[in-house]
Amino acid sequence: MADTQSSAAERGIAELVAYALDKGLIGEEDVTYAANLMLDALHYEPTGAFVPKDAVAEARAAADRPELEAILAGLLDDAVARGVCDPGIASRDLLDTRLMGCVTPRPSEVVRTFWQRYEESPERATNYFYHLALDSDYIRTYRIARDRKWVTSTRYGDLDVTINLSKPEKDPKAIAAALEKQKAGGAEPYPRCQLCPENLGYAGRLDHPARETIRLIPLTLAGEQWYMQYSPYVYYNEHCIVLSEKHVPMQISRTTFQRLFEFVGKFPHYTVGSNADLPIVGGSILTHEHYQGGRYEFAMARAGAREQISFAGYDDVRAAIVDWPMSVIRLDGTDPARIVELADKILSAWRGYSDEAVGVLAETDGTPHNTITPIARRRGEDFELDLVLRNNRTTDEYPLGIFHPHQELHHIKKENIGLIEVMGLAVLPARLLGEMDQLEKVILAGEDPASVPEIASHAPWAAQVLTRHPEFAPENVASADPAALHAVIEDEIGQVFAQVLECCAVFADDEEGRAAFARFVASVC
């Protein structure tokens, strides 16, 4: 073993333990213990000259100690050089998560500290828990920082757009197939999915991420065991996942509304919502019941009322149709039980509602199509519930869904429109980053995007963009500003996202759609 390799391993361990001490992940008494756990994980045997406490003290005193990403990279490079770790990113992720697991507080300690902070305030509890997820590298902030984010002004207000680089794009058909496989039964892997509580401390494998650093906070919702964790992808601030102890499929019911209100009752500074429970209109995981929340004001929450409505027998609950591209009923009041009761009536009515004039059918051949995406939040002392009406019917013209991004928009967004997008935050696939960069270069070169295979799918849309912005047409590109073109492309992507949401409205915002929406509201009570 080369001296350079041995010194790299020892130095990296000392730096990582020093980092953990500085972040409060471990105490002084844990230094030698944590270092020895890392030595085992790295299959590295030091000489007697390596004294963990001394090495860590030296690392803490160093003025040029590297950031966490660099510390882990050095340890992984050393492990690859010694043949301990394969060079692929999946193998490296498994090993660096194991290393961070050596310095992440045990679950019992995290739970105890969380509820101690909660006694002071819910915000202090979530602040502690969120920063633990960041400091333990469960949330890889250095990867999240590479995501491209911007805001686009639309007729519906400012919409958030992000090109996510840390999560792969999923095909709607693959999501539906996973749900059908679960329903069919048979042998299941361990853990059964990435949301099962059994992930706590799991070492992972090449097709399942390591979870030594994940921590769960137990919650009781509607009398059942649930847990809260944070999302490793952090689409927005303090993006949390609230998951059932049981590995059961997504379901929208009266109990869903009860759980959502109980959650915002416990954490009034958070919003929480549920993906719908049917393919196409649900999220990317339909096989495990869960909700998503966080400390973030979405564009939908800022949207006002398009029209005030009422439901007989519920004068104590304010109701409105939200001025939003999708079809949303908003309920407000001081008594969450009354809102739940009315929401359940709306859900029951919608489950069996059909209006062929606007393409809405409750079922075909016994297959249900109607469901709801609900979102709960607090407005001071009031409770608020948004009910987004969804329908997943397909036709030969729209094989991926009538109320789904239409074919001409798939070059930007093809995935299911789930809870996060419904609320006004576009999560776009990583492929767009390279494609948009290439598109801008092609436009500035005065070339036709249709002639470049990698971006040909964007050509019709690019032609429309150039029609609206002739300053970037081929005859004008010699004087075009690349930064200005980049801003235009981002804005136009945001406008496409607004169109995507409009496609998903079961009642379009036009004369026919508004009349159809009114018919449904009248049918509820």
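Predicted model: local features only at pLDDT ≥ 70, side-chain atom pairs only at ≥ 80, totals over all residues.

Modeller: What follows takes the helix, then a pocket, a sheet and the cavities.

Biologist: Which residues are buried in helix α2?

Modeller: In α2, residues 31-41, the buried ones are Val31, Ala34, Ala35, Met38, Leu39 and Ala41. Buried means under 20% relative accessible area with a 1.4 Å probe and protein chains only, and helices are DSSP runs of H or I with at least four residues, strands being runs of E with at least two, numbered from the N terminus.

Biologist: And where do they fall around the axis?

Modeller: They fall within an arc of 160° seen down the axis of α2, so they line one face of the helix; the arc is that of the directions from the helix axis to the C-beta atoms. After α2 comes His43, with a positive phi near 50°.

Biologist: What lines the second largest pocket?

Modeller: That pocket has a volume of about 500 Å³, and of its 21 lining residues the closest to the centre are Leu37, Gly101, Cys102, Thr104 and Arg106. Two or more lining residues come from each of α2, α5 (89-101) and α6 (107-120), with α2 giving the most, 3 residues.

Biologist: How is a pocket defined here?

Modeller: On a 1 Å grid over the protein atoms alone, a pocket is an open set of points with protein on both sides within 12 Å along at least five of seven lines, a cavity is a set where a 1.4 Å probe fits but cannot get out, and lining residues have an atom within 4 Å of a point. Grid points are joined across faces, edges and corners, and a volume is the space filled by probe spheres set on the points.

Biologist: Switching to the sheet, what is the strand order?

Modeller: The order is β1-β2-β15, in an open sheet of 3 strands with mixed pairing, where two strands pair if DSSP finds at least two bridges between them. β1 (148-154) and β15 (425-428) are the edge strands, each pairing on one side only.

Biologist: In which sense do β2 and β15 pair, parallel or antiparallel?

Modeller: Strand β2, residues 157-163, pairs with β15 in the parallel sense over 4 bridges, and Asp160 stands opposite Leu425 in β15.

Biologist: Which way do the β15 residues point?

Modeller: Leu425 and Val427 point one way, Ala426 and Leu428 the other way, and all are buried. In a regular strand the side chains alternate between the two faces of the sheet.

Biologist: What about the second largest cavity?

Modeller: About 30 Å³ of space lies in the second largest cavity, which is lined by Arg148, Trp150, Ile163, Met436, Glu440, Ile489, Glu490 and Ile493. The largest share of that lining, 3 residues, comes from α16.

Conventions: Residues numbered from 1 in each chain as written. Heavy atoms only, no water. Buried < 20%, exposed > 50% of the residue type's maximum accessible area, 1.4 Å probe, protein only.
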